[in-house]
Amino acid sequence: MTEDTSRAPNSRIPNMRSMTPEERLQAVSAEAALSNDDARVLSGRDVLPPALADGMIENVIGKFELPMGVATNFTVNGRDYLVPMAVEEPSVVAAASYMARIARDNGGFQASSDRPVMRAQIQVLGVGDTAGARHRILQNAEALIALANSRDKVLIGLGGGCKDIEVHVFDDTPAGPMVVLHLIVDVRDAMGANTVNTMAEMLAPEVEKITGGKVRLRILSNLADLRLARARVELRPDTLSTDTLEGAEVARGMVEASALAIVDPYRAATHNKGIMNGIDPVVIATGNDWRAIEAGAHAFAARSGRYTSLTRWELAGDGRLVGTIELPMALGLVGGATKTHPAAQAALRLMKVQSASELAQVTAAVGLAQNMAAIRALATEGIQRGHMALHARNIAITAGASGADIDRVARAIVAAGDISVDAARALLADTPGGAGNDV
Ligand code: MEV
């Protein structure tokens with residue numbers, strides 16, 4: 001197979017669930033025209049040689065594996081995406097795919113994002129005249145920006161670089177008054193931490209000269225509030241109905257669920273955790289820094305002083321349910337593990353994203369889909385039925401089931417209302433040739 005980066009895959013792959021992992025891999029590889037090498041890497045076989053792992057972090061003793069799933073049905077801005085998700089929690093991939101399918105019937109997700117702009121902070125202490133120091137920095141802004149852009153010619157050549165400077169003053173902190181200079185840097189297709197940290201460190205002596213103070217910290221801010229990604233979905237109520245409820249009632253329930261997350265931090269924390277259930281697996285699969293994404297998301301959710309929801313669900317005048325998400329999305333296609341980890345490279349090729357901004361938009365859409373799944377379930381039958389049905393598969397595997405036995409045993413223990421390893425073992429023991437007979 002040769003790689004064809006021009007053609008968008010069809011993300012609608014019917015019956016994914018009933019395929020074997022090998023069949024799924026073949027299906028997504030064919031859709032995304034992946035090379036045999038990429039397909040092998042995505043399967044998890046011989047991905048990270050010990051020497052490479054040893055070079056990535058310190059004191060390496062081995063590797064930790066996660067299942068890699070692919071969410072289907074995603075359409076974002078009219079283009080289909082197969083979305084790699086590395087995650088240990090059952091039901092995440094299924095829920096994202098299911099909601100993406102409903103969204104697809106409604107035209108898919110619409111997404112946008114800001115330019116890939118990060119902030120770096122330079123903390124200046126020991127300044128008596130904080131207002132005066134602020135003015136002196138702003139007066140020298142052009143020279144500071146020029147100095148910041150004097151090293152990384154590649155970034156400048158790509159249209160990135162330091163674009164602006166902000167100055168924040170804190171007159172009253174536990175360590176006295178502080179002036180904090182922000183470098184506003186377009187990092188193009190990088191996550192940008194190394195780029196902006198290098199700039200901040202380089203500028204520190206000049207900032208000390210200008211302010212007369214002492215520079216302490218020189219580091220990026222993970223509150224990447226100039227690098228927001230947004231996604232929106234507009235759903236006809238009839239596409240939301242469940243076995244027992246009309247779509248309009250489901251939509252109303254979802255708006256009510258969303259309202260609690262808007263006003264109550266206790267609910268917002270769980271609501272946003274559900275959003276990150278979708279976002280983190282994509283961030284991990286593509287080799288990006290999920291701690292940075294988590295930090296940015298939660299800081300952004302608390303930006304008003306009260307922690308709130310990262311999504312909104314509203315009813316439009318014509319009865320459609322409109323869901324929106326907006327959050328910082330500092331994702332890169334180059335640098336760090338995105339480049340060194342072979343599976344991250346293959347995952348990016350599976351997604352066929354051409355820029356960090358496009359990756360940010362698709363990831364935001366996955367977060368919105370995951371939130372849609374959670375509140376749709378919570379507002380109707382609750383999450384336990386679906387959750388436990390998938391959890392039952394894990395229990396069946398733990399009890400020793402393999403192949404077709406996994407689903408059979410899982411279904412049986414759900415139907416019996418006893419989702420336990422003992423119940424699964426008992427069923428396997430009753431199966432001629434089943435795993436239970438081997439022990
Ligand atoms: C579970 O991992 C995530 C949920 O709790 C999210 C939510 O409550 O919105 C289902």
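Helix 10 provides six residues to the shell around the ligand, the largest share of that shell. The model is a predicted one, in which local features need pLDDT of at least 70 and side-chain atom pairs count only at pLDDT 80 or more, while totals for chains, interfaces and linings use all residues. Residues are numbered from 1 along each chain as its sequence is written, and side-chain values use heavy atoms, with hydrogens and water left out.

The ligand is surrounded by E89, R267, T270, H271, K273, G274, N277, A374, L378 and I383 (a residue is near a molecule if one of its heavy atoms lies within 4 Å of it). By class, these shell residues comprise three nonpolar, four polar and three charged, with Gly counted as polar, Ala, Leu and Ile as nonpolar, and Glu, Lys and Arg as charged.

For N277, the distance from a polar side-chain atom to a ligand oxygen is 2.9 Å. Polar contacts here are pairs of N or O atoms within 3.5 Å. Of the 300 Å² of accessible area that the ligand has on its own, the protein covers 85% (Shrake-Rupley method, 1.4 Å probe).

Turning to the domains, the assignment, automatic or from a database, gives domain 1 (16–114 + 227–381), domain 2 (117–221) and domain 3 (385–428). The C-alpha centres of domain 1 and domain 2 lie 33 Å apart. Their contact (heavy atoms within 4.5 Å) takes 10 residues from domain 1 and seven from domain 2.

Definitions and conventions. A polar contact is a pair of N or O atoms within 3.5 Å; within protein, one must be able to donate a hydrogen and the other to accept it, and residues adjacent in sequence count only if both atoms are side-chain atoms. Helices (H or I, at least four residues) and strands (E, at least two) are DSSP runs, numbered from the N terminus.
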